Every structure is written in structure tokens, then in C-alpha cells.
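The sequence and structure are shown first.

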Amino acid sequence: MDSVANKPRCIVIGAGVAGIAAAVEATLLGMSVVLVEAHRYVGGRARSFRDELTGDELDNGQHVAMGCYQNLRHILRELGTESLLAPNDPVPIVFASARGERDVFNPYRWSGRLGVADGLLRLQSFSLAERLRLLIGGICASLGADREMTASDVLRACRQSESLIERFWEPLVLATLNAPVSIADGALLRAVLQRAIFGGGDSHYLLVPRAGLSKLWQPLERWLTERGGTIRLGTRAEDLVWLDDRVIGVATSTGEEIRGAAVIAAVPPKAYVRLLPQRYRSTVAFLAQLETMPIVSVYLWYDRPLVIPPVVGLWGTTAQWVFDRAAFLERSDDQQQRYPGHIEVTISAAHALAQQPTDAIVAHVNRELCTVFPQMKKARLLHWRVIKERSATPLLTPKTSRLRLSASSGIAGLYVAGDWTATGLPATLEGAAASGIAAARAAAQMA
Ligand SMILES: Cc1cc2nc3c(=O)[nH]c(=O)nc-3n(C[C@H](O)[C@H](O)[C@H](O)COP(=O)(O)OP(=O)(O)OC[C@H]3O[C@@H](n4cnc5c(N)ncnc54)[C@H](O)[C@@H]3O)c2cc1C
């Protein structure tokens with residue numbers, strides 16, 4: 001076996017999902033990795049922390065994955081935590097509205113595409129003609145989109161009515177692309193449909209983590225050190241180290257200069273620009289045009305079990321998705337007794353809501369939930385937490401998608417990763433993992 005000294009060194013900046021994936025893949029490809037993270041935790045935007053009062057582990061916003069997240073699953077398999085995501089019981093999605101409408105999308109009666117078709121054709125809130133149109137529209141939208149098309153352009157070209165777009169496609173696009181159909185990149189909708197809905201096997205399974213997100217990355221440090229790598233938390237990369245026009249290392253906030261054969265910058269676009277010397281900044285000035293989209297997550301605890309389905313998509317309310325955390329996460333008997341009802345409510349593309357004070361958000365969301373689920377009127381709200389992630393994901397429109405950088409940055413020795421890079425996927429856990437793997441492969445090839 002090669003000793004660490006003989007292995008080319010790869011420095012990865014940023015321990016979000018993209019940096020974790022880059023570090024794992026570069027190690028598997030025979031490099032010795034130094035992973036440098038500014039914060040004292042790994043996971044970046046996909047992390048969890050403990051709520052002091054209840055002891056519950058809270059994510060920085062509820063995340064869900066899908067069976068088709070192959071890059072993410074590959075990394076988790078290496079770390080030994082894939083089972084925290086694996087489909088235990090398939091989770092059908094219930095739809096509900098304040099007007100008493102109820103529906104269920106259950107694509108699990110049959111495997112693969114047949115299951116998706118069956119799930120669509122059994123939706124009760126749509127007429128038979130509408131269900132057929134949805135199915136044909138979904139196939140059509142998965143086949144192709146011009147570069148300039150928004151998601152709604154694609155859907156209209158696939159003969160989806162305004163009503164179908166509003167009731168079916170808008171919630172799906174908001175959930176998967178974190179942008180309204182009117183501006184979201186149509187090519188990304190196509191990518192989602194191709195992989196998740198028509199990918200076959202368990203691609204379409206909804207995977208809800210069964211532990212706080214940080215648990216997924218917990219074995220990383222040990223995994224890396226056992227393979228000759230290291231991780232430096234609380235260490236910010238301040239500058240790149242150059243030899244002529246080649247990047248040969250990183251200067252850190254702790255005063256170190258770490259040298260290596262390759263540097264992977266797995267940081268958000270603004271942080272990437274800051275790492276570059278002035279002479280290169282003008283070449284990436286366009287990255288300033290990448291706006292971000294907010295997500296507001298509302299965690300609520302009640303004095304009784306709420307008797308609601310595990311995953312609910314809401315129609316016609318500000319609140320968009322409800323997750324029964326008590327159903328997914330392991331909780332102690334004491335937590336179960338003191339705070340029996342524990343849910344999370346997600347609101348994507350939440351520009352207006354993110355401006356409101358948190359107690360107004362809680363009151364509004366709680367009121368909406370009580371109208372959708374009248375049984376909740378009896379439940380007493382004991383505790384709440386609101387997380388406003390103002391820059392949850394980059395806004396990827398047909399125009400801004402073209403600004404995404406490819407893994408080989410165009411600068412010798414430097415590679416880029418992150419959910420905002422050119423993966424052809426939405427800015428998700430899977431996009432981030434795919435970007436990290438692509439950057440590691442490009443780096444290993446050149447090192
Ligand atoms: C509320 C919310 C809900 C979401 N829901 C979902 C979901 O349901 N499903 C899904 O698939 N995706 C979801 N996402 C998106 C997903 O979390 C992100 O796409 C993914 O985590 C991005 O990972 P990343 O590694 O690209 O970036 P980041 O997580 O931002 O990681 C970048 C890392 O770089 C570090 N860093 C920056 N500058 C430096 C420096 N100079 N030196 C050292 N370190 C540095 C940062 O501290 C950070 O840890 C959600 C995101 C949010 C916020």
C-alpha cells in the first residue's frame with residue numbers, strides 16, 4: 001500500500017456536502033486529503049443541532065432525498081450511514097387543503113415507472129382527463145427543453161393547463177428547484193423528471209432522513225484519518241498559494257500554508273471569488289449575478305400527538321410541506337412524553353415570509369395548520385423554533401444556469417465544487433455530492 005508521503009495531496013476547502021464528497025472521492029482515488037472548514041462543524045447547509053429545551057435534533061431546515069440521489073448514496077455508503085436514508089417503509093405523499101380536499105400520491109404499489117404512472121392515475125383531485133394529461137405531460141417534459149425555457153415554458157409546451165400547473169407542477173417545482181415555475185430553469189425540471197420520476201428502480205422513492213443531518217457525516221473524520229487524511233475545523237482558507245499561474249496550496253486563518261498537487265474549492269460562489277487574486281476576479285465577475293433563494297423552516301412542538309400523515313403537501317396555504325418529525329426520528333420516551341407532537345413546516349422561495357418576525361410566522365403557520373387539520377385546534381403549542389435560511393440555494397433560471405462553473409476551474413491546480421456548479425442538476429444534496437465527485441475525479445486525473 002502507498003504510504004501517505006507517496007500520495008499526491010489534495011486540499012479541499014469547505015466541508016459542506018460538496019466538500020465531503022470531494023474529500024471521500026479523492027481519498028478513494030488514491031490522494032491524501034486535507035479538508036479545511038471555516039466552521040467548527042461539517043455539513044455546511046446540511047447540518048443539524050440540538051434544541052436545548054426539547055433535546056430534539058433539528059436540521060438547518062428539513063431535508064429530503066430521493067432514491068435517485070446516487071452520488072450522495074455512494075458517499076454515505078462509504079461512510080456507513082446510507083441506512084439513515086434508506087427507504088424503510090415507503091412514504092406516500094398526502095395532499096391537503098384548508099377547504100377539506102385530500103389526496104394521496106402513492107407511487108409504491110408497483111416498482112419503477114409503472115409505480116409513478118399508477119400513482120398519478122390514482123390521484124382523486126384531478127379528473128381522469130387531467131390525470132392522463134399529467135402523465136403524458138410528465139413524459140414530454142422529461143424529454144427535452146431548449147436552453148432558454150423556464151419550467152412553465154416547458155410545461156405549457158407539453159400542454160399542461162394553468163390549473164394543472166398551479167395545483168400539481170408548482171408545488172413539485174418549488175420543492176425540487178426552490179423557485180417558482182415561472183422562473184425556474186426548464187432543463188433542471190427535465191433532469192428531475194428523468195432521474196427521479198422516470199429513472200426506474202427505487203429512483204422515485206422519497207427518502208426522509210431518520211436522524212439529524214449531522215449524523216450522516218459523523219464518521220467522516222475517522223474515515224479520513226484512517227486513510228491518511230485530516231480535517232481542520234475552525235480553519236478558514238484565506239488565500240490560495242500560487243507558483244506562477246498554478247495554484248499549489250492554501251494559506252489558512254491559522255497561519256499555515258498547506259501545499260498540495262490539487263486544491264478543490266467547495267465553497268459558495270462569493271467565497272470562491274474572494275479566494276481568487278484580483279487579476280482573476282474579473283474572469284468570474286459574472287458569478288455576482290447568481291442570486292439566492294430563501295427557505296423558512298418552522299419547528300413546532302405540541303402537547304399531544306397530532307395524528308397527521310408523515311409527509312403532507314399543502315394546497316393554498318403559505319405553509320407548503322409538513323413533516324411529522326416524531327414519526328421519522330428516534331426520540332426518547334421522555335421526549336415523546338413531554339413533547340408528543342413534533343412537526344416541521346417548510347416554506348420554499350419564502351421571500352415575503354422571511355421578512356416577518358418569527359412569532360408572527362409561527363402564529364400564521366399554526367393557524368393555517370388548524371384549518372387544514374381541525375384536530376390540531378385542541379393541541380397546545382408548547383415550543384417553537386424558526387430558521388430563516390436567506391441563502392438556502394442559488395436561484396437557477398435559464399439565464400443563471402449558464403453561469404455555473406465546471407469542475408475544472410480553468411486555472412491550473414484549482415477545481416471547483418458546490419451545488420451552484422455545472423452539474424446539470426438542481427442545487428440539492430445530490431447536486432452538491434455530484435459536484436464534489438466530479439471535482440475529485442478531475443483533480444486526480446491531473447495530479
Ligand atoms: C433550509 C434548506 C432546505 C433544503 N432542503 C433540501 C432538500 O430537501 N433536499 C436537497 O437535496 N437539498 C436541500 N437543500 C439544499 C442543500 O442543503 C444544499 O444544496 C447543499 O447542502 C449544498 O452543499 P454545498 O457543499 O454545495 O455548500 P455549503 O453547504 O454551503 O458548504 C460550503 C462550506 O464551505 C465553507 N466555507 C466557505 N468559505 C470557506 C473558506 N474560505 N474556508 C473554509 N471553509 C469555507 C462553509 O462554512 C460551508 O461549510 C436545502 C437547503 C436548505 C438551506
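## Burial and exposure

A residue is called buried if 20 or more other C-beta atoms lie within 10 Å of its own, exposed if 12 or fewer do, and partly exposed in between, with C-beta atoms placed from the backbone. Ser282 counts as exposed because it has 9 C-beta neighbours inside 10 Å. Ser282 lies in the loop between α11 (278-281) and β14. From Ser282 to Lys388 the separation is 106 residues in sequence and 32 Å in space, C-alpha to C-alpha. In the protein chain, 48% of the 447 residues are buried.

## Basis of the model

The model is predicted: local features need pLDDT of at least 70 and side-chain atom pairs count only at pLDDT 80 or more, while totals for chains, interfaces and linings use all residues. Numbering starts from 1 along each chain as its sequence is written.

## Overall fold

The protein chain holds 17 helices and 19 strands; these are DSSP runs numbered from the N terminus, helices being H or I of at least four residues and strands E of at least two. Its radius of gyration, taken over C-alpha atoms, is 22 Å, close to the 22 Å of the globule rule (2.2 Å times the number of residues to the power 0.38) for 447 residues, so the chain is as compact as a globular protein of that length.

Along the principal axes, the C-alpha atoms fill a box of roughly 65 × 55 × 45 Å. Of the contacts with a separation of 6 or more, 70% join residues 24 or more positions apart, a contact being two residues whose C-beta atoms, placed from the backbone, lie within 7 Å.

## Domains

An automatic or database domain assignment gives domain 1 (4-63 + 211-289 + 396-446), domain 2 (110-199) and domain 3 (292-394). The centres of domain 2 and domain 3, taken over C-alpha atoms, are 26 Å apart.

Seven residues of domain 2 contact 10 residues of domain 3. On the domain 2 side, these residues divide into five nonpolar, one polar and one charged. Nonpolar covers Ala, Val, Leu, Ile, Met, Phe, Trp, Tyr, Cys and Pro; charged covers Asp, Glu, Lys and Arg; the others, Gly among them, are polar.

## Ligand surroundings

The ligand is surrounded by 37 residues, the closest being Gly14, Gly16, Gly44, Gly61 and Thr428; the criterion is a C-beta atom, placed from the backbone, within 6 Å. Two or more shell residues come from each of α1 (17-28), β14 (292-302), β18 (381-394) and α17 (429-446).

By class, the shell comprises 19 nonpolar, 12 polar and six charged residues. Domain 1 and domain 3 each supply at least three residues to this shell.
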